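Visitor: I would like to go through some helix packing and aromatic contacts. Please show me the model first.

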Amino acid sequence: MENRVCSTESVNGSCDVWSCQKSAAASADHLVIMVHGILGSNADWKFGAEQFVRTLPDKVFVHCSEKNMFRLTLDGVDVMGERLAEEVLEVIQRKQNLRKISFVAHSVGGLVARYAIGRLYRPPKKENVADSTDDTNEDDIKATIGGLEPMNFITVATPHLGSRGNKQVPFLFGVTAFEKAARLLIHWIFKRTGRHLFLTDDDEGNAPLLKRMIEDYGDCFFMSALCIFKCRVAYSNVGYDHIVGWRTSSIRRNYELPKWEDNMNKEYPHIVYEERCKARDAEQSELISTEDDGLDKLEEELVAGLSRVSWKKVDVSFHASRQRFAAHSVIQVKDEMMHMEGADVIRHMIDHFLL
């Protein structure tokens, strides 16, 4: 029974994953929400979920999101984010012993998770901490996500800056004509989600959704929510990801992309570079933007906005792997064929997970 995992089963795969040891399962109070990418399902994170529970059996209870599967991922980041927020609240209500929450999201799922936490954000009940009394509940003086303490917000190959910039969708080969055509045609394939990714949405005259998501907007506290997580991590493919470019997934400008070729990590062979990026204030971001005239203006606004919080950036390369041309899926370890190739990325994630 040791290190075995239990899971609920549905038509499409696992939903909840936890330790089969009753004592371990009873003490697990850290909810890990795993979110799949476009046209995906909750089964996509099956390997990752099981590894989390096997390694941290008495710490985590994993829920693989199931409310936005397959064609439902074409409904738009906002619609999916609303569904995910409702789903998370349902899990919290069902599991009364939960105290902490983390998110692990792949591809467009990272954007959906960012939207959802903006909905789930709960401000401190006591605005003035200094006036709080000894009998004040600690939860009353801290902001939460759905009533739980936010810990890790982890994205894997997520297009944080959208997909409209040069080489942000690598299979378009960086050809300007192809990239411009994609902006005009993408909604025919990926519907509202495509519009959000290529920043061509203007619902009711509003700015593109991804731009709105770099601040608190209306009743969605996008940045306040992102700020209160103790750790934010962006895993990115440095190459061979034909769907999501390195720049957008790592929240960097071109000149900020690191030289990784000579870096070797014996413990995690596919991890080629790591850096901790401190939060930049608006004045620093403005200075940087004026120096980089070649960058798309809207993309620069997204970089600057997301850089107002600190990030740990982890760069991954499968350049020597037989599965390298499927890097976008390999980094998630989406199926059995990829276990040998991408397992060290999941192990790195777990080893650096805040509990």
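Visitor: In which hand does α2 pass α12, left or right?

Guide: This is a predicted model, where local features need pLDDT of at least 70, side-chain atom pairs count only at pLDDT 80 or more, and totals for chains, interfaces and linings use all residues. Residues are numbered from 1 along each chain as its sequence is written, and side-chain values use heavy atoms, with hydrogens and water left out. A crossing is left-handed if the near helix is turned anticlockwise from the far one by less than a right angle, and right-handed if clockwise. The crossing of α2 past α12 is right-handed.

Visitor: At what angle do helices α2 and α12 pack?

Guide: Helices are DSSP runs of H or I, at least four residues, and strands are runs of E, at least two, numbered from the N terminus. Axes are lines fitted to C-alpha atoms, for helices over the stretch in contact, and angles run from 0 to 180 degrees between N-to-C directions. Under 35 degrees counts as roughly parallel, over 145 as roughly antiparallel, 65 to 115 as roughly perpendicular and the rest as oblique. The axes of α2 (residues 46-55) and α12 (residues 339-351) lie 10 Å apart, at an angle of about 50 degrees.

Visitor: Which residues of α12 make the contact with α2?

Guide: Contact means heavy atoms within 4.5 Å. From α2 come Phe 47, Gly 48, Gln 51, Phe 52 and Thr 55. From α12 come His 339, Ala 343, Ile 346, Met 349 and Ile 350.

Visitor: How are α3 and α4 oriented to each other?

Guide: Helix α3 (residues 77-94) packs on helix α4 (residues 108-120) at about 60 degrees, with axes 8 Å apart. Their crossing is right-handed. The two helices are therefore oblique.

Visitor: Which class does the pair of Tyr 115 and Phe 222 fall in?

Guide: Rings of Phe, Tyr and Trp (its six-membered ring) pair if their centres lie within 6.5 Å; planes under 30 degrees apart are stacked, over 60 edge-to-face, the rest tilted. The structure holds 8 aromatic pairs. In this one the centres are 5.2 Å apart and the planes at 55 degrees, so the pair is tilted.

Visitor: How many residues apart in sequence are the parts that Tyr 115 and Phe 222 tie together?

Guide: Both residues are buried (under 20% relative accessible area; exposed is over 50%, partly exposed in between; 1.4 Å probe, protein chains only). Tyr 115 lies in α4 and Phe 222 in α7 (residues 222-227), so the parts tied together are 107 residues apart.
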